[in-house]
Amino acid sequence: MSSRIKILPSHLINQIAAGEVVERPSSIVKELVENSIDARATQIDVELLEAGKKKIVIRDNGCGMTKEEVELCIERYATSKINILEDLFKVKTLGFRGEALPSIASVSYFTLISKTKDTVEATKLFLEGGKKQASKIVGAPIGTEIQVEDLFFNTPARLKFLKSNATELSHCIEIVEQLALAHPMISFKLVHQEKDVFFLPRATLLERILAVLKEKPEVFVPIENNASQFHLSGYVGLPRFMGGTSRQCYTFVNRRPVRDRTLLHAISAAYQSFVPQGHYPKVVLFLETEGEDVDVNVHPAKREVRFKETHFVHSFVEKSIRQVLGQLRSAGDKLNSHVWLGGAEGEAPSPRPQFTRTDDGESPSATGPKDEAEGTDSYFSLYPPDHRIQVLREGATEAFTQTGYYRNLHYIGQIKSSYLLCEDKDELIFIDQHAAHERVAFEKLRKQYRDSVLQQQYLLVPISLEVTQEEAVLLTELSQELSQLGFEIEPFGGTTFLIKAVPSLLHDHISIEVIRSVIHELKEVSKTLVGDEIINHHLATLACHSARTAKEKLSREEVSALLSELDQIKVAPHCPHGRPFDFRVPIVDIEKYFRR
Ligand SMILES: Nc1ncnc2c1ncn2[C@@H]1O[C@H](COP(=O)(O)OP(=O)(O)OP(=O)(O)O)[C@@H](O)[C@H]1O
Ligand SMILES: [Mg+2]
């Protein structure tokens, strides 16, 4: 009887490995562009057909490969980048496992042409589903060109997991942009369906950041700091130019784009007192280390790293950013007039969770709110828990106060232009005016939506919106949702769009920044929620942007209008994002304190 256990054939091993390395076209773009960077190319061209599903071509002018190297590079575990285990901890190249090319080749029709400066001829290799079909000598310039066609042709189940071309293209753009940010001295070109998506010439870091993020120089200030083995550099955005998504927080470890909880949490902690809820700083940060303080081999797509001294890294990054923001503040820069909450220079005034190292020395976990400590890998989850929408369900409508409760409160005054202090016979009541306005706006929007009369207002002068390539794709993808919410946005050639109408509630608050935030928030939401939750979340996003800011002087008339509107709300006293808007202190507690 033959044994049930057998060694799998190598092409099957490669296909299984490809499951980890090659998830979608953008994974291939990432691996191949990284190889070109490791080959010290100064020019990298990426061409895609059908967002890379049909064809991906990566061309570089790097060091190229000899005939022998070409034959070897498609073998599993063949790498020129490390020799011994210790190298893994010192590795400066983006690749090191020697598995990208065989994995990619095993799920596509794969052609590689490469030539070094020392040979006259180039070598061309063709593989079909990982099986070598032909190899020949051809003429070609110095460097390497790889073509990947009909991705997943031999694993149709995986083909089904691919998303629309617009989504897959936006992933590819994102990957190339990230790598381009880390390598401004390399010029990058991205072409889709034979049309230029972008061309990024060699540049300084700041020029590259401005080109990729489509921003102006005044948005950023440089940051540079050293501690122990670590060197931190890059640019941090002024809080008043914050964005609506954490995607503009770019972090790199040894020039490798990573999404690391420790780094993102450190950034969010540093900006905590400057940036209002639901907004994120624009940051491009490079952390470099010579030593063996970081393990890069912890994620199949190398998107994550593990620091030996997580706690140290967290505090170094947080302090460095806060120092920069603090210096700006003392230099009289108006960091963010409406969210600065005071406190010592560069210090976050509100109590923040204390960080403790978990037993296994992993990322820091907060001893503060539970959600914050719970790890998921999304950027979204790294920000405080109240950024997640907790729209109270329709059923939870029992009145939480008696009719006319708020209207009948005695209003004492406003604290820090943010909180309304009121009293009734038993309690002192603090009302967070921003959260309360948000809830009122949300309820209005929800009613309009339910009655199918979401009010739209045409702008006297349409706003012209210049967006990034990625945002242009998002705008097209989300056009139905945006018009459902009352936006009328038209393409105006290239990456310019015209905003002709907006939801009425948003009319007085509209700005390019607000529209950008809305687009990105809609995208995040569509990824994580379903059905009614999505529309509730969208309405909450609009409500947040239409509400009064946290710091604004209100007249007595405005306060009493708000209190009356709060009486119309039939759900518990929370803003649509789940933050309470009402905090009560019983008078008996005050009396107890004074021992009366
Ligand atoms: N564009 C290129 N120019 C020159 N050499 C290349 C290029 N792409 C790949 N190679 C060579 O082929 C080898 C195998 O590439 P592959 O991407 O499979 O592995 P790797 O980059 O070493 O590690 P990883 O699997 O982590 O990416 C590389 O080590 C490198 O020597
Ligand atoms: Mg590689």
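Is Phe230 buried or exposed, judged by its relative accessible area? Phe230 is buried, at a relative accessible area of 4%. Buried here means under 20% relative accessible area, exposed means over 50%, and partly exposed lies in between (1.4 Å probe, protein chains only).

This is a predicted model, in which local features need pLDDT of at least 70, side-chain atom pairs count only at pLDDT 80 or more, and totals for chains, interfaces and linings use all residues. Residues are numbered from 1 along each chain as its sequence is written, chains are lettered from A and ligands numbered from 1 in the order in which they are written, and side-chain values use heavy atoms, with hydrogens and water left out.

**Aromatic pairs**

A pair of aromatic rings is described by the distance of the centres and the angle of the planes. Rings of Phe, Tyr and Trp (its six-membered ring) pair if their centres lie within 6.5 Å; planes under 30 degrees apart count as stacked, over 60 as edge-to-face, and the rest as tilted. The count comes to 8 aromatic pairs. Two of them are tabulated here.

| Pair | Centre to centre | Angle between planes | Class |
|---|---|---|---|
| Phe230 and Phe312 | 6.0 Å | 35° | tilted |
| Phe252 and Phe286 | 4.7 Å | 20° | stacked |

Phe230 lies in strand E10 (residues 230-237) and Phe312 in helix H10 (residues 310-330), so their pair ties together parts 82 residues apart in sequence. Helices (H or I, at least four residues) and strands (E, at least two) are DSSP runs, numbered from the N terminus. Phe312 is partly exposed, with 31% relative accessibility. Ring pairs also join Phe230, Phe307, Phe312 and Phe316 into a cluster.

The charged end of Arg255 sits over the ring of Phe286, 4.1 Å from its centre. That label requires NZ of Lys or CZ of Arg within 6 Å of the ring centre and within 35 degrees of the ring normal.

**Ligand 1**

The shell around ligand 1 holds 22 residues, and Thr79, Ser80, Lys81, Glu99 and Lys302 come nearest. A residue is near if one of its heavy atoms lies within 4 Å. A backbone N or O atom of Phe96 lies 2.8 Å from an oxygen atom of ligand 1. A polar backbone atom of Arg97 is also 2.8 Å from an oxygen atom of ligand 1. Taken alone, ligand 1 exposes 590 Å², and the protein buries 94% of that. These areas come from the Shrake-Rupley method with a 1.4 Å probe. Helix H2 (25-38) and helix H5 (100-106) are the elements that give two or more residues to the shell.

**Positive phi and a covered helix**

Most residues other than glycine have a negative phi. Phe152 has a positive phi of about 65°. Phe152 sits in the loop between strand E6 (143-149) and helix H6 (156-159), and is buried at 0% relative accessibility. Ser228 also has a positive phi, near 50°. Ser228 lies in the loop between strand E9 (220-227) and E10, but is exposed, at 67% relative accessibility.

Helix H13 (residues 469-477) is mostly covered, with 7 of its 9 residues buried. Among them are Gln469, Glu470 and Glu471.

Key
A polar contact is a pair of N or O atoms within 3.5 Å; within protein, one must be able to donate a hydrogen and the other to accept it, and residues adjacent in sequence count only if both atoms are side-chain atoms.
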